[in-house]
Amino acid sequence: MAVSSMAALALPFSLATRIRCNVISTESQQQTFSATNEASSSSALEGTPAMNLATGVVNSLFSFKPFFRFASATARQMLIRRGTEIGHPWDPELCKLRLHDWDSALKVVQDNDLEYPEYYLKPFHAYDNGNLSWDAALEVELAAKSVHANVFDPKRKELDPNGDVRLRESYHEKMCTMLKCTPRAVVDIGCATGLSTFGLHQYFPDATVIGVDLSPYFVTVANYRLKEHSEALGQKLPVHFMHAAGEYTGLPSGAFDLVSLCLVCHELPRSATKQIIEEAQRLLKPGGALAIMEMNPYSSSLQRMVNNVFAFTAFKATEPYFDDYRTFGLENAIESLGFSSPIQAESSPSHRTLVAHKN
Ligand SMILES: C[S@@+](CC[C@H](N)C(=O)[O-])C[C@H]1O[C@@H](n2cnc3c(N)ncnc32)[C@H](O)[C@@H]1O
(Lines give C-alpha, C1' and ligand atoms only; values in the text may rest on other atoms or scores of the structure.)
Protein backbone atom coordinates (compact mmCIF):
# COMPACT_ATOMS: atom_id res chain seq x y z
CA MET A 1 0.00 0.00 0.00
CA ALA A 2 1.33 3.45 -0.95
CA VAL A 3 2.38 5.64 1.95
CA SER A 4 -0.23 8.29 1.07
CA SER A 5 -3.12 5.84 1.14
CA MET A 6 -1.74 4.29 4.35
CA ALA A 7 -1.77 7.74 5.86
CA ALA A 8 -5.30 8.33 4.63
CA LEU A 9 -6.33 5.08 6.31
CA ALA A 10 -4.78 6.16 9.55
CA LEU A 11 -5.89 9.78 9.50
CA PRO A 12 -9.35 10.68 10.72
CA PHE A 13 -9.16 13.75 8.56
CA SER A 14 -7.00 14.50 5.58
CA LEU A 15 -4.12 16.75 6.42
CA ALA A 16 -3.90 17.45 2.70
CA THR A 17 -7.03 19.58 3.12
CA ARG A 18 -5.62 22.31 5.32
CA ILE A 19 -8.12 24.24 7.39
CA ARG A 20 -7.17 27.57 8.84
CA CYS A 21 -8.85 28.78 11.94
CA ASN A 22 -10.14 32.32 11.77
CA VAL A 23 -10.37 33.59 15.29
CA ILE A 24 -13.70 35.39 15.30
CA SER A 25 -14.24 35.74 19.00
CA THR A 26 -16.71 38.49 19.88
CA GLU A 27 -18.36 39.38 23.16
CA SER A 28 -21.81 38.62 21.76
CA GLN A 29 -20.84 35.13 20.56
CA GLN A 30 -19.20 34.36 23.86
CA GLN A 31 -22.30 35.42 25.74
CA THR A 32 -24.47 33.21 23.50
CA PHE A 33 -22.30 30.22 24.38
CA SER A 34 -22.49 30.94 28.08
CA ALA A 35 -26.24 31.41 27.92
CA THR A 36 -26.86 28.15 26.05
CA ASN A 37 -24.82 26.09 28.46
CA GLU A 38 -26.98 23.94 30.67
CA ALA A 39 -27.18 25.03 34.31
CA SER A 40 -24.15 23.59 36.01
CA SER A 41 -23.88 22.79 39.66
CA SER A 42 -21.87 19.82 40.88
CA SER A 43 -24.46 19.15 43.65
CA ALA A 44 -26.96 18.38 40.84
CA LEU A 45 -24.73 15.42 39.95
CA GLU A 46 -25.06 13.48 43.19
CA GLY A 47 -27.19 10.29 43.06
CA THR A 48 -30.33 9.53 45.08
CA PRO A 49 -29.99 7.14 48.10
CA ALA A 50 -31.76 4.39 46.09
CA MET A 51 -29.36 4.84 43.18
CA ASN A 52 -26.37 4.83 45.52
CA LEU A 53 -27.58 1.58 47.07
CA ALA A 54 -28.09 -0.04 43.64
CA THR A 55 -24.66 1.22 42.59
CA GLY A 56 -23.12 -0.42 45.67
CA VAL A 57 -24.68 -3.77 44.74
CA VAL A 58 -23.57 -3.57 41.10
CA ASN A 59 -20.11 -2.41 42.19
CA SER A 60 -19.74 -5.57 44.31
CA LEU A 61 -20.67 -7.64 41.28
CA PHE A 62 -17.99 -5.92 39.20
CA SER A 63 -15.39 -6.33 41.96
CA PHE A 64 -15.76 -10.11 41.45
CA LYS A 65 -12.75 -10.64 39.11
CA PRO A 66 -14.23 -13.32 36.77
CA PHE A 67 -17.33 -11.18 36.26
CA PHE A 68 -15.20 -8.08 35.64
CA ARG A 69 -13.09 -9.94 33.08
CA PHE A 70 -16.19 -11.24 31.33
CA ALA A 71 -17.76 -7.76 31.25
CA SER A 72 -14.63 -6.03 29.92
CA ALA A 73 -14.08 -8.74 27.27
CA THR A 74 -17.72 -8.28 26.18
CA ALA A 75 -17.29 -4.49 26.01
CA ARG A 76 -14.14 -4.90 23.93
CA GLN A 77 -15.87 -7.29 21.52
CA MET A 78 -18.67 -4.76 21.17
CA LEU A 79 -16.17 -2.05 20.18
CA ILE A 80 -14.48 -4.36 17.68
CA ARG A 81 -17.85 -5.36 16.18
CA ARG A 82 -18.86 -1.73 15.93
CA GLY A 83 -15.58 -0.95 14.15
CA THR A 84 -16.53 -3.44 11.43
CA GLU A 85 -20.08 -2.03 11.23
CA ILE A 86 -18.79 1.51 10.63
CA GLY A 87 -16.21 0.43 8.06
CA HIS A 88 -13.15 0.55 10.32
CA PRO A 89 -12.43 -3.15 10.98
CA TRP A 90 -9.71 -3.60 13.62
CA ASP A 91 -7.91 -6.70 12.35
CA PRO A 92 -6.36 -5.42 9.09
CA GLU A 93 -5.05 -2.23 10.74
CA LEU A 94 -3.72 -4.08 13.80
CA CYS A 95 -2.03 -6.76 11.66
CA LYS A 96 -0.29 -4.02 9.68
CA LEU A 97 0.79 -2.11 12.79
CA ARG A 98 2.08 -5.23 14.58
CA LEU A 99 4.65 -5.78 11.82
CA HIS A 100 6.58 -2.71 12.96
CA ASP A 101 9.64 -2.89 15.25
CA TRP A 102 8.07 -0.85 18.05
CA ASP A 103 10.50 -1.82 20.83
CA SER A 104 13.47 -0.19 19.10
CA ALA A 105 11.46 2.97 18.44
CA LEU A 106 10.33 3.05 22.08
CA LYS A 107 13.90 3.30 23.36
CA VAL A 108 14.32 6.60 21.49
CA VAL A 109 11.35 8.37 23.10
CA GLN A 110 11.14 6.85 26.57
CA ASP A 111 12.24 8.99 29.50
CA ASN A 112 13.56 6.32 31.86
CA ASP A 113 13.69 8.75 34.79
CA LEU A 114 10.01 9.62 34.58
CA GLU A 115 8.09 8.56 37.68
CA TYR A 116 4.53 7.56 36.89
CA PRO A 117 1.79 8.81 39.19
CA GLU A 118 0.11 5.97 41.07
CA TYR A 119 -3.24 6.44 39.30
CA TYR A 120 -1.57 5.70 35.97
CA LEU A 121 -0.24 2.31 37.03
CA LYS A 122 -3.64 0.69 37.52
CA PRO A 123 -5.57 -1.45 34.99
CA PHE A 124 -7.46 0.84 32.65
CA HIS A 125 -9.77 0.54 29.62
CA ALA A 126 -9.73 -3.22 30.27
CA TYR A 127 -5.96 -3.38 29.69
CA ASP A 128 -4.14 -4.92 32.67
CA ASN A 129 -1.23 -2.49 32.21
CA GLY A 130 -3.48 0.44 31.35
CA ASN A 131 -1.98 2.80 28.79
CA LEU A 132 1.49 1.37 29.40
CA SER A 133 1.18 -1.33 26.76
CA TRP A 134 1.43 -1.85 23.02
CA ASP A 135 -2.12 -3.19 22.84
CA ALA A 136 -3.47 0.09 24.23
CA ALA A 137 -1.25 2.17 21.93
CA LEU A 138 -2.04 0.24 18.75
CA GLU A 139 -5.77 0.07 19.40
CA VAL A 140 -6.46 3.60 20.70
CA GLU A 141 -7.30 5.19 17.32
CA LEU A 142 -9.60 2.34 16.33
CA ALA A 143 -11.25 2.48 19.76
CA ALA A 144 -11.82 6.26 19.41
CA LYS A 145 -13.62 5.73 16.08
CA SER A 146 -15.81 2.99 17.57
CA VAL A 147 -16.56 4.84 20.83
CA HIS A 148 -17.46 8.11 19.11
CA ALA A 149 -19.56 6.56 16.35
CA ASN A 150 -22.77 7.14 18.31
CA VAL A 151 -22.09 10.40 20.15
CA PHE A 152 -24.18 12.60 17.84
CA ASP A 153 -27.33 10.57 18.46
CA PRO A 154 -28.73 11.73 21.84
CA LYS A 155 -30.12 8.20 22.28
CA ARG A 156 -26.70 6.74 21.43
CA LYS A 157 -28.21 4.25 18.97
CA GLU A 158 -27.41 5.47 15.46
CA LEU A 159 -23.84 4.95 14.29
CA ASP A 160 -21.97 7.54 12.23
CA PRO A 161 -18.63 6.27 10.83
CA ASN A 162 -17.50 9.90 10.98
CA GLY A 163 -18.49 10.50 14.62
CA ASP A 164 -14.90 10.81 15.88
CA VAL A 165 -13.95 13.24 13.11
CA ARG A 166 -17.09 15.31 13.67
CA LEU A 167 -16.49 15.48 17.41
CA ARG A 168 -12.93 16.77 16.94
CA GLU A 169 -13.98 19.23 14.24
CA SER A 170 -16.70 20.52 16.51
CA TYR A 171 -14.10 21.04 19.27
CA HIS A 172 -11.84 23.06 16.99
CA GLU A 173 -14.66 25.10 15.49
CA LYS A 174 -16.09 26.01 18.89
CA MET A 175 -12.64 26.67 20.32
CA CYS A 176 -11.74 28.98 17.43
CA THR A 177 -14.75 31.20 18.06
CA MET A 178 -13.73 31.60 21.70
CA LEU A 179 -10.00 32.29 21.36
CA LYS A 180 -8.77 35.86 21.60
CA CYS A 181 -5.88 35.36 19.19
CA THR A 182 -4.54 32.80 16.73
CA PRO A 183 -2.04 30.60 18.57
CA ARG A 184 1.55 30.23 17.36
CA ALA A 185 2.75 27.84 20.05
CA VAL A 186 0.49 25.05 21.29
CA VAL A 187 0.79 22.20 23.82
CA ASP A 188 -1.55 19.20 23.56
CA ILE A 189 -1.47 17.48 26.94
CA GLY A 190 -2.56 13.81 26.87
CA CYS A 191 -1.98 13.56 23.13
CA ALA A 192 -2.01 9.72 22.96
CA THR A 193 -0.96 8.76 19.41
CA GLY A 194 -1.57 12.26 18.10
CA LEU A 195 -5.18 12.35 16.87
CA SER A 196 -5.76 15.57 18.81
CA THR A 197 -2.28 16.96 18.03
CA PHE A 198 -2.64 16.57 14.26
CA GLY A 199 -6.14 18.08 14.58
CA LEU A 200 -4.64 21.18 16.24
CA HIS A 201 -1.97 21.38 13.55
CA GLN A 202 -4.68 21.24 10.90
CA TYR A 203 -6.49 24.21 12.46
CA PHE A 204 -3.36 26.20 13.27
CA PRO A 205 -0.95 25.21 10.46
CA ASP A 206 1.47 28.05 11.27
CA ALA A 207 1.77 27.05 14.92
CA THR A 208 4.28 24.72 16.50
CA VAL A 209 2.31 22.00 18.26
CA ILE A 210 3.85 19.83 20.99
CA GLY A 211 2.03 16.66 22.04
CA VAL A 212 2.80 15.39 25.56
CA ASP A 213 1.80 11.99 26.90
CA LEU A 214 2.65 9.83 29.91
CA SER A 215 2.67 6.64 27.86
CA PRO A 216 5.93 6.10 25.93
CA TYR A 217 4.03 3.47 23.90
CA PHE A 218 1.55 6.09 22.71
CA VAL A 219 4.31 8.62 22.01
CA THR A 220 6.19 6.03 19.93
CA VAL A 221 3.11 5.43 17.77
CA ALA A 222 2.55 9.23 17.57
CA ASN A 223 6.05 9.63 16.12
CA TYR A 224 5.30 6.87 13.61
CA ARG A 225 2.12 8.73 12.56
CA LEU A 226 4.11 11.97 12.29
CA LYS A 227 6.55 10.30 9.92
CA GLU A 228 3.65 8.90 7.87
CA HIS A 229 1.92 12.28 7.59
CA SER A 230 5.14 14.14 6.78
CA GLU A 231 5.98 11.63 4.04
CA ALA A 232 2.44 11.78 2.63
CA LEU A 233 2.58 15.59 2.49
CA GLY A 234 6.22 15.75 1.40
CA GLN A 235 7.11 18.22 4.14
CA LYS A 236 8.23 18.31 7.75
CA LEU A 237 5.33 19.28 9.99
CA PRO A 238 5.82 21.67 12.94
CA VAL A 239 4.61 18.92 15.28
CA HIS A 240 6.62 17.25 18.05
CA PHE A 241 5.85 14.59 20.62
CA MET A 242 7.36 14.06 24.05
CA HIS A 243 7.09 11.46 26.76
CA ALA A 244 6.35 13.50 29.89
CA ALA A 245 3.75 14.03 32.58
CA GLY A 246 1.20 16.76 31.95
CA GLU A 247 1.66 17.77 35.60
CA TYR A 248 5.34 18.71 35.04
CA THR A 249 6.17 18.85 31.35
CA GLY A 250 9.57 20.53 31.72
CA LEU A 251 8.58 22.93 28.90
CA PRO A 252 9.45 26.63 29.35
CA SER A 253 7.20 28.96 31.37
CA GLY A 254 5.08 31.61 29.65
CA ALA A 255 6.01 30.35 26.18
CA PHE A 256 2.68 29.10 24.79
CA ASP A 257 -0.54 30.65 23.44
CA LEU A 258 -2.74 27.59 23.82
CA VAL A 259 -2.79 24.48 26.02
CA SER A 260 -5.34 21.90 24.90
CA LEU A 261 -6.71 18.94 26.87
CA CYS A 262 -8.83 16.85 24.51
CA LEU A 263 -10.72 13.98 26.15
CA VAL A 264 -8.14 13.70 28.94
CA CYS A 265 -9.73 14.94 32.19
CA HIS A 266 -12.30 12.14 32.48
CA GLU A 267 -9.37 9.71 32.66
CA LEU A 268 -7.73 11.48 35.60
CA PRO A 269 -8.39 11.78 39.31
CA ARG A 270 -9.29 15.39 40.07
CA SER A 271 -5.97 15.94 41.90
CA ALA A 272 -4.12 15.25 38.62
CA THR A 273 -6.48 17.47 36.63
CA LYS A 274 -5.80 20.32 39.07
CA GLN A 275 -2.04 19.85 38.76
CA ILE A 276 -2.26 19.81 34.96
CA ILE A 277 -4.32 23.00 34.94
CA GLU A 278 -1.66 24.58 37.19
CA GLU A 279 1.00 23.43 34.75
CA ALA A 280 -1.03 24.94 31.87
CA GLN A 281 -1.12 28.21 33.81
CA ARG A 282 2.67 28.12 34.08
CA LEU A 283 3.17 27.29 30.39
CA LEU A 284 0.84 29.97 29.01
CA LYS A 285 1.71 33.55 28.16
CA PRO A 286 -0.49 36.14 29.89
CA GLY A 287 -3.84 36.05 28.04
CA GLY A 288 -3.05 32.59 26.63
CA ALA A 289 -5.88 30.07 26.45
CA LEU A 290 -6.65 26.75 28.09
CA ALA A 291 -9.06 24.73 25.92
CA ILE A 292 -10.72 21.53 27.11
CA MET A 293 -13.05 19.17 25.27
CA GLU A 294 -14.70 16.64 27.48
CA MET A 295 -17.84 14.71 28.29
CA ASN A 296 -20.40 17.12 29.66
CA PRO A 297 -21.61 15.90 33.07
CA TYR A 298 -24.63 18.20 32.88
CA SER A 299 -25.87 16.95 29.50
CA SER A 300 -29.09 14.95 29.49
CA SER A 301 -27.37 12.34 27.32
CA LEU A 302 -24.79 11.66 30.03
CA GLN A 303 -27.33 11.92 32.83
CA ARG A 304 -29.33 9.13 31.15
CA MET A 305 -26.26 6.90 31.16
CA VAL A 306 -25.56 7.71 34.81
CA ASN A 307 -29.14 6.80 35.75
CA ASN A 308 -28.73 3.34 34.20
CA VAL A 309 -26.93 1.84 37.19
CA PHE A 310 -25.74 -1.34 35.48
CA ALA A 311 -24.51 0.34 32.26
CA PHE A 312 -22.85 3.10 34.25
CA THR A 313 -21.07 0.71 36.62
CA ALA A 314 -19.85 -1.28 33.62
CA PHE A 315 -18.53 1.96 32.12
CA LYS A 316 -16.80 2.95 35.36
CA ALA A 317 -15.16 -0.47 35.61
CA THR A 318 -12.90 0.53 32.72
CA GLU A 319 -12.94 4.30 33.41
CA PRO A 320 -12.05 4.28 37.13
CA TYR A 321 -11.74 8.08 37.50
CA PHE A 322 -14.86 9.04 35.62
CA ASP A 323 -17.03 9.61 38.69
CA ASP A 324 -14.37 11.82 40.25
CA TYR A 325 -14.28 13.86 37.03
CA ARG A 326 -18.08 13.93 36.69
CA THR A 327 -18.63 15.40 40.15
CA PHE A 328 -15.55 17.65 40.17
CA GLY A 329 -16.89 20.98 38.89
CA LEU A 330 -14.13 21.52 36.34
CA GLU A 331 -15.24 25.03 35.41
CA ASN A 332 -14.91 26.27 39.01
CA ALA A 333 -11.49 24.66 39.37
CA ILE A 334 -10.24 26.38 36.20
CA GLU A 335 -11.39 29.76 37.48
CA SER A 336 -9.84 29.21 40.90
CA LEU A 337 -6.47 28.32 39.33
CA GLY A 338 -5.81 31.69 37.69
CA PHE A 339 -8.03 31.71 34.61
CA SER A 340 -11.05 33.69 33.50
CA SER A 341 -14.44 32.06 33.95
CA PRO A 342 -14.56 29.46 31.14
CA ILE A 343 -16.80 30.02 28.13
CA GLN A 344 -18.59 26.85 27.11
CA ALA A 345 -20.25 25.38 24.03
CA GLU A 346 -21.75 22.03 23.12
CA SER A 347 -19.51 19.84 20.94
CA SER A 348 -21.89 16.88 20.79
CA PRO A 349 -25.04 16.05 22.75
CA SER A 350 -22.74 14.66 25.46
CA HIS A 351 -19.52 16.70 25.04
CA ARG A 352 -18.63 20.29 25.73
CA THR A 353 -15.78 22.61 24.88
CA LEU A 354 -14.48 25.00 27.53
CA VAL A 355 -12.07 27.85 26.91
CA ALA A 356 -10.57 30.07 29.61
CA HIS A 357 -7.84 32.70 29.31
CA LYS A 358 -4.95 33.11 31.72
CA ASN A 359 -5.49 36.10 34.01
C1 LIG B 1 -8.49 9.42 26.02
S2 LIG B 1 -6.82 9.72 25.72
C3 LIG B 1 -7.03 11.21 24.78
C4 LIG B 1 -6.09 11.25 23.67
C5 LIG B 1 -6.15 12.40 22.71
N6 LIG B 1 -6.02 13.69 23.34
C7 LIG B 1 -7.36 12.35 21.82
O8 LIG B 1 -8.07 13.34 21.73
O9 LIG B 1 -7.58 11.31 21.18
C10 LIG B 1 -6.11 10.37 27.22
C11 LIG B 1 -4.61 10.42 27.16
O12 LIG B 1 -4.13 11.12 28.31
C13 LIG B 1 -2.90 10.53 28.69
N14 LIG B 1 -2.59 10.90 30.07
C15 LIG B 1 -3.22 10.50 31.20
N16 LIG B 1 -2.66 11.08 32.26
C17 LIG B 1 -1.68 11.89 31.80
C18 LIG B 1 -0.74 12.77 32.42
N19 LIG B 1 -0.72 12.96 33.72
N20 LIG B 1 0.14 13.42 31.64
C21 LIG B 1 0.14 13.24 30.30
N22 LIG B 1 -0.72 12.43 29.66
C23 LIG B 1 -1.62 11.77 30.40
C24 LIG B 1 -3.12 9.06 28.47
O25 LIG B 1 -1.91 8.35 28.37
C26 LIG B 1 -3.94 9.07 27.17
O27 LIG B 1 -3.10 8.97 26.08
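Predicted model: local features only at pLDDT ≥ 70, side-chain atom pairs only at ≥ 80, totals over all residues.
E4 spans residues 256–262, and E1 pairs with E4 in the parallel sense over three bridges. E1 is also joined to strand E2, residues 208–213, by five bridges. These two strands likewise run parallel. Here Ala185 stands opposite Thr208 in E2.

Strand E1 covers residues 185–189. Five of its five residues are buried, so E1 is largely enclosed by the rest of the structure. In a regular strand, side chains alternate between the two faces of the sheet. Ala185, Val187 and Ile189 point one way from E1. Val186 and Asp188 point the other way. Residues in both sets are buried, the charged Asp188 included.

Helix H4 comprises residues 65–85, and helix H7 comprises residues 134–147. Their axes come within 9 Å and cross at roughly 80°. This angle falls in the range of 65 to 115 degrees, and H4 and H7 are therefore roughly perpendicular to each other. On the H4 side, the contact is made by Arg76, Leu79, Arg82 and Gly83. On the H7 side, Glu139, Ala143, Ser146 and Val147 meet them. By class, the contact of H4 with H7 has three nonpolar, two polar and three charged residues.

How values were computed
Residues numbered from 1 in each chain as written. Heavy atoms only, no water. Axes fitted to C-alpha atoms, helices over the stretch in contact; angles between N-to-C directions. Helix = DSSP H or I, 4+ residues; strand = E, 2+ residues; numbered from the N terminus. Parallel < 35°, antiparallel > 145°, perpendicular 65-115°, else oblique. Contact = heavy atoms within 4.5 Å. Buried < 20%, exposed > 50% of the residue type's maximum accessible area, 1.4 Å probe, protein only. Pairing = 2+ DSSP bridges.
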